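Hi,

Here is the structure I promised to pass on. Have a look at it first, and my notes follow below.

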Amino acid sequence: MKGVLYSRLKNRGIIRVSGSDSYTFLQNLITNDMSKVTNNNAIFAALLTPQGKFLHEFMIVKGNNGEFLIDCESNRLNDLGQRLINYRLRANIQVSDMRDEIEIYALTEDLDSKKTVISANTLEMPYGAIRFTDPRDNALGLRVMLPIDTGENSLKSLNYAPAHHLDYEKNRLKLGIPEGSKDFDVEKSTLAEIGFERLNGVDFSKGCYIGQEVTTRMKQRGTARKKLLVVKVFGNPPPPGTPIYAGDKEVGQIKSSCGNLAIAIVQRNYLELEKSTPLKTNNLTVIPYTYTSFLHNE
């Protein structure tokens with residue numbers, strides 16, 4: 001496929017955080033550094049429990065009026081919004097649900113290529129669009145925020161072509177990019193287990209944030225007992241949460257999938273000590289998908 005393709009990301013929504021204290025408020029909560037955020041440059045980050053366990057992942061970019069726009073899981077947007085409100089205390093911020101006003105698109109040049117790089121500064125965009133390179137991996141292309149009533153028509157007017165959302169999902173899995181609660185266990189996963197540093201989602205040089213002490217200690221000690229990786233399933237992947245076995249021993253779980261590719265979480269001691277034992281899930285053979293360097297992430 002050639003030319004610019006767009007996929008509407010129906011599983012994503014937007015929270016707007018505005019007010020004079022919004023920068024400091026977010027800086028004190030999230031795993032990444034808000035000083036990196038501009039109108040065309042986003043960060044990937046997480047909100048954690050005080051014990052350093054995963055709650056939410058999101059991208060943050062600055063809006064056209066100086067507010068911050070949070071690209072997050074649509075089906076968990078209310079939970080994230082309420083948590084932000086609960087942390088607000090006396091801070092001068094406003095938290096707004098923008099799902100009825102703004103929608104999110106992913107733009108790529110060739111979903112079948114190993115690397116897709118589109119310049120956020122040179123690609124023609126509809127007036128007022130907020131666009132940024134996906135901060136997790138530039139091979140995922142651009143993220144674009146557009147008004148919900150005119151967004152798709154404005155992309156078509158630029159002769160950009162629609163792509164099926166499953167094409168985007170397949171590309172995400174090939175690149176080894178986990179996403180949201182479908183790949184991360186809420187209130188259970190740690191950033192070390194889910195490779196968040198590789199996704200540019202944590203800044204170890206910034207000041208304190210919720211869960212920072214545990215996150216830093218796990219990095220220093222290398223104590224993560226699990227690891228996310230991409231696997232190929234010989235058959236239709238079973239539902240998320242289905243156990244993966246090495247012989248009679250449960251060593252992991254299947255997470256999100258598309259086609260015969262899936263994200264899996266597997267115990268590190270299996271990967272290091274028991275590689276000769278085949279993996280099975282739902283009586284189907286599972287092997288690491290070596291296309292991605294995600295397998296080598298430490």
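The surface first: the protein exposes about 13800 Å², with carbon and sulfur atoms supplying 46% of that. Bear in mind that this is a predicted model. Of its 298 residues, 54% count as buried. The fold has seven helices and 16 strands. If you count contacts between residues at least 6 apart in sequence, 69% of them join residues at least 24 apart.

I then went through helix α2, which covers residues 77-88. Its 12 residues reach 17 Å from first C-alpha to last, close to the 16 Å expected at 1.5 Å a residue. Leu77, Leu80, Gly81 and Leu84 are buried in α2. Looking down the helix axis, those buried residues fall within an arc of 100 degrees, so they line one face. On the face turned away from the buried side you'll find the exposed residues Asn78 and Asn86. The buried residues of α2 pack against β2, α1, β3, β4, β5 and β6.

Is Arg12 buried or exposed? Its relative accessible area is 7%, so Arg12 counts as buried, the cut-off being under 20%. The Arg12 side chain reaches the backbone oxygen of Cys72 at 3.5 Å. Beyond its neighbours within four places in sequence, Arg12 is in contact with residues including Glu57, Asp71, Glu73, Arg143 and Glu179.

Cheers

Definitions and conventions: Residues are numbered from 1 along each chain as its sequence is written. This is a predicted model: local features need pLDDT of at least 70, side-chain atom pairs count only at pLDDT 80 or more; totals for chains, interfaces and linings use all residues. Side-chain values use heavy atoms; hydrogens and water are left out. Helices (H or I, at least four residues) and strands (E, at least two) are DSSP runs, numbered from the N terminus. Buried means under 20% relative accessible area, exposed over 50%, partly exposed in between (1.4 Å probe, protein chains only). Contact means heavy atoms within 4.5 Å. Accessible areas come from the Shrake-Rupley method with a 1.4 Å probe; for residues, only the protein chains shown count as cover. A polar contact is a pair of N or O atoms within 3.5 Å; within protein, one must be able to donate a hydrogen and the other to accept it, and residues adjacent in sequence count only if both atoms are side-chain atoms. The expected span of a helix is 1.5 Å times one less than its number of residues. The arc is that of the directions from the helix axis to the C-beta atoms.
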